[in-house]
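Thanks for asking me to look this one over. Here are my notes, point by point, to read with the model open beside you.

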Amino acid sequence: MVETPKAWLLILCASLLCVEYTIDALSYDHSATIECLEEPLKPQYNGGIIVNPQFTYGLTGWSSFGGNGGKIMQKKSKDGNSFIVAYNRYQPYDTFSQKIYLHKKKLYAFSAWIQVSHGKEPVTAVFKTTDGFTFAGSAVARSGCWSMLKGGLTVNSSGYAELYFQSNSINVEIWVDNVSLQPFTEVQWRSHQVEGIAKARKRDVKVHVIDSKGEVLQGANIHFRPRQSKASFPFGCVINKDILGNQAYQSWFTSRFSVTVFGNELKWYSTERVRGVENYTDADAMLAFAKQNGISVRGHCIFWDDPYYQPEWVKSLSPAELKDAAYKRLQSVVSRYSGKFVGWDVNNENLHHQFFEQMLGANASDVFFQMAYQLDPTRMFMNEYNTIEWSGETVASPAQYLTKLQEIRSFYKGPTGIGVESHFITLNIPYVRAALDTLASAGVPIWLTELDVYSADQAFHLEQILREAHAHPAVQGIVLWAARTAAGCYRMCLADEKYNNLPTGDVVDKLINEWKPYSVDGEIGSDGEFKTSLFHGEYDLTIYHPSTNTTLNRMFKVAAPEISAQNLKDTVSPMILHLQVDV
């Protein structure tokens, strides 16, 4: 038996520690784009665990998928860039694949660059696992340039999986390049959330204190006390007219939330059931309640593009009659509440539905946005479902969402916002983060507008999605869809009929407590400075020097920096406060 020198053991241990630290410290890449580029960008994480991600070595690691006679080959661009091509396709899934071992406890970030031979088509990345098929995400591929497909996944059990791509149009070739699949541990994923909160919701603060002679005031006590009990981050819940006159409901609600939205009371079918007879009684009373309690309100919604949810009398109108009725509706509701809402959902779900576009023309949403802004110059939102909820979505995928938003912004020049409804049934947290990354590339605020979870482990999954959303730097508000009526809730309740918390309500309370500003106490050091990190908001600052019995009081606001998903890696400069205490 040969002994290993102790020095070698020390070096080996140190090396292992360094490796472990590096793995645990692996950062997440928030970059995403819907720009179509002449050449694809390099694979994120250098491809991660993908073999031959840039197709530098031909088709090594890749094989034909589908079994229907489809063919694959390597191609090179005029600049020498290599990529893989699927052609002679007979089924949507006739493409190419790579086998990869996936772990149950890992979270996988996925990306690839895609192109089609002609036209434009949605392309989806799919993993065939031992439990079935898991979608990682989709994007719109175009001919002549490369589009980024960004997504992610988790698996229910460990084992080999087969990554492949599919498109319903079998008449196009599918081109793919610079594929990446990066695994993260749960600890690493949580560290990204902590980092996101530190940069997007908090700010480093440095206070430098001197006396009237310009000398540092070492040993002085310093105290920060928040002036508000709720977080500056808008966090709220939907309400309905049942809250009016229900003291238990009101007390439960107002003690928790800073923003709300009306479930149905502002929708066209509620305010004008009979043509020409408007009734805003419930909405007016609910707005008065919110205003009295210092709660902001989102305007939901001016129109709903789903033909099923139009007032009955609207469904039989001619296009000319509908145009007249719709303009009157918009004029009425927006003028009435101008300056009272923090934003409007203008034409709800206008990707999944096309009622107004079919009746009034393809630019109906564009016109509604412009007209609404002229009456109420506030932020105007799109609002859609399945954009972040379902990784297999193609109609309202992040790329399709931003394409529609770009169309609206080419006509309407006011401020816009991205509303994602967030009605979750299954939860794919890596996809949620990737979808938010893609949406963030538009550079406008993102709100989760109707968040609920319908699953067996509702409270656990609610906490997961709330933590992920709150930590993302592009998300600027969350509204839960959990209003209680006499009949119960839509899909998720936070409290019982007596307004005692359910497990979901306990999750909400726990996170509210984590996210709200807190008091900080300390002592000025020998350099005359005190450093800390504070949630955004207003604080009362007190500095007291015990030896001189001198006190300084002032208000201090911790302001949010301008930050987006693209500059999350940038260092946010601390807020520096220079104070003189006259002794």
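**Cysteines, sheets and domains**

1. Let me begin with Cys493, which counts as buried because its relative accessibility is 15%; buried means under 20% relative accessible area, exposed over 50%, and partly exposed in between, using a 1.4 Å probe and protein chains only. Its partner is Cys489: the two form a disulfide with their sulfur atoms 1.9 Å apart. Cys489 itself, at 22% relative accessibility, is classed as partly exposed. The link of Cys489 and Cys493 is right-handed, with 115° about the S-S bond.

2. A word on the ground rules before going further. This is a predicted model, in which local features need pLDDT of at least 70 and side-chain atom pairs count only at pLDDT 80 or more, while totals for chains, interfaces and linings use all residues. Residues are numbered from 1 along each chain as its sequence is written, and side-chain values use heavy atoms, with hydrogens and water left out.

3. How many disulfides does a search of the whole structure find? The search gives two, where a disulfide is a pair of cysteine sulfur atoms within 2.5 Å. Counting bonded cysteines along the chain, the pattern is 1-2, 3-4. Cys237 is in no disulfide, and the nearest cysteine sulfur, that of Cys489, is 8.5 Å away. Cys237 is buried, with a relative accessible area of 1%. Cys301 is likewise in no disulfide; for this residue the nearest cysteine sulfur belongs to Cys237, 17 Å away. Cys301 also counts as buried, at 1% relative accessibility.

4. The other bond joins Cys36 to Cys145, with an S to S distance of 1.9 Å. Cys36 sits in the loop between α1 (6-24) and β1 (63-65), and Cys145 in the loop between β7 (132-142) and β8 (147-153), so the pair ties together parts that are 109 residues apart in sequence. Helices (H or I, at least four residues) and strands (E, at least two) are DSSP runs, numbered from the N terminus. This link is right-handed too, with 90° about the S-S bond. Is Cys145 buried or exposed? Cys145 is buried at 13% relative accessibility, whereas Cys36 is partly exposed at 28%.

5. Next, the three-stranded sheet. This open sheet has the strand order β23-β11-β26 with mixed pairing; two strands pair if DSSP finds at least two bridges between them. β23 (529-535) and β26 (575-581) stand at the edges with a single partner strand each, so one side of each has no neighbour in the sheet. Neighbouring strands are turned by 25° against each other on average, direction ignored. Strand β11 (residues 202-211) and β26 run parallel and are joined by seven bridges. Do look at His208, which stands opposite His578 in β26.

6. Helix α2 (residues 186-200) lies across β11 and β23, running at about 50° to β11. Axes here are lines fitted to C-alpha atoms, for helices over the stretch in contact, and angles run from 0 to 180 degrees between N-to-C directions. His192 is placed in this helix and is buried, with a relative accessible area of 7%. Leaving aside residues up to four places away in sequence, His192 touches Leu26, Ser27, Tyr28, Phe184 and Arg433; contact means heavy atoms within 4.5 Å. The C-alpha atoms of His192 and Ala471 are separated by 8.2 Å, although the two residues are 279 residues apart along the chain.

7. There is also an open sheet of four strands, in the order β22-β12-β24-β25, with antiparallel pairing. Its edges are β22 (520-523) and β25 (550-558), each with a single partner strand, so one side of each is left without a neighbour in the sheet. The twist averages 20° from one strand to the next. Nine bridges join β24 (residues 537-545) to β25, and Gly537 has Val558 in β25 as its bridge partner.

8. Finally, the domains. The protein is divided into domain 1 (44-188), domain 2 (211-227 + 518-580) and domain 3 (235-515), with bounds from an automatic or database domain assignment. The centres of domain 2 and domain 3, taken over C-alpha atoms, are separated by 38 Å. UniProt, in an unreviewed entry, lists residues 228-511 as "domain: GH10"; its positions are given in the numbering used here, feature names are shortened, and annotations may be inferred rather than shown by experiment. That span, residues 228-511, is 38% helix and 17% strand, and its end C-alpha atoms lie 16 Å apart.
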